[in-house]
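Here are my notes on the fold. Please read them alongside the model.

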Amino acid sequence: MSEHMLIDHCSPTLAGVKTGSLFTCDYKSRKAVYLEIRRINRILVPKGLRLLPLRFHKGKVLIYLYRPEQLENDLTDHKACDLLRQCGYSLNGGNYCVVELIEKLNSADSFPHEIGLFLGYPPEDVDGFMNGSPADFKYSGLWKVYGDVDKAKKTFAQYKKCAECYKCRWQTGTSLEQLAVCC
């Protein structure tokens, strides 16, 4: 895992316009992954971000970058709470829900679709994906949209523009610390 991967996969989260981002990368040593995460968290935690390994599996690690305060706020949404409750979460706060998500990822054979809530996806879209008919989505972009298509398209465009801008800034020498926005 490298800072470059964070820029490639997590720019909207670094910029403060998205709650969380996920990516996978190869690893050879868990110890090396934890050391790198600690190093990066020394840069990001003061900016309101946290980097965590969610799952180690078959030589790959699933990495989650998120903004704990934004996640806490997102998970107060009534629809989000209902979905998490349906999935067996205790709703004792955002960080505790992340611990429960990690437990689910490491104990279940299937991928927990409620993970969209941890990424800042609209609860109505997560609900549609989890409980609706697979063919009933209205639009497909970074996620399947079951609710407000216009709002989703604007969000997708914002994320794309942010990623392009951050990649350009990274390539011209802007540091990860400078790119991570305080929120």
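1. The sheet is open, with 3 strands in the order E1-E3-E2 and antiparallel pairing. Strands are DSSP runs of at least two residues, helices (H or I) of at least four, numbered from the N terminus; two strands pair if DSSP finds at least two bridges between them. Strand E1 (20–26) and strand E2 (50–57) are the edges; each has a single partner strand, so one side of each has no neighbour in the sheet. Ignoring direction, neighbouring strands are turned by 25 degrees against each other on average.

2. This is a predicted model: local features need pLDDT of at least 70, side-chain atom pairs pLDDT 80 or more, while totals for chains, interfaces and linings use all residues. Residues are numbered from 1 along each chain as its sequence is written, and side-chain values use heavy atoms, without hydrogens and water.

3. E2 and strand E3 (residues 60–66) run antiparallel, joined by 7 bridges. Arg50 stands opposite Tyr66 in E3.

4. H1 lies across E1, E2 and E3, at about 170 degrees to E1. Angles run from 0 to 180 degrees between N-to-C directions, with axes fitted to C-alpha atoms, for helices over the stretch in contact. Helix H5 (residues 94–107) also packs on the sheet, touching E2 and E3. The direction of H5 makes about 15 degrees with that of E2.

5. Thr13 sits in helix H1 (residues 3–14). Thr13 has 0% relative accessibility and therefore counts as buried (under 20% relative accessible area, 1.4 Å probe, protein chains only). Beyond four places in sequence, its contacts (heavy atoms within 4.5 Å) include Leu49, Leu65 and Tyr66.

Methods: Buried means under 20% relative accessible area, exposed over 50%, partly exposed in between (1.4 Å probe, protein chains only).
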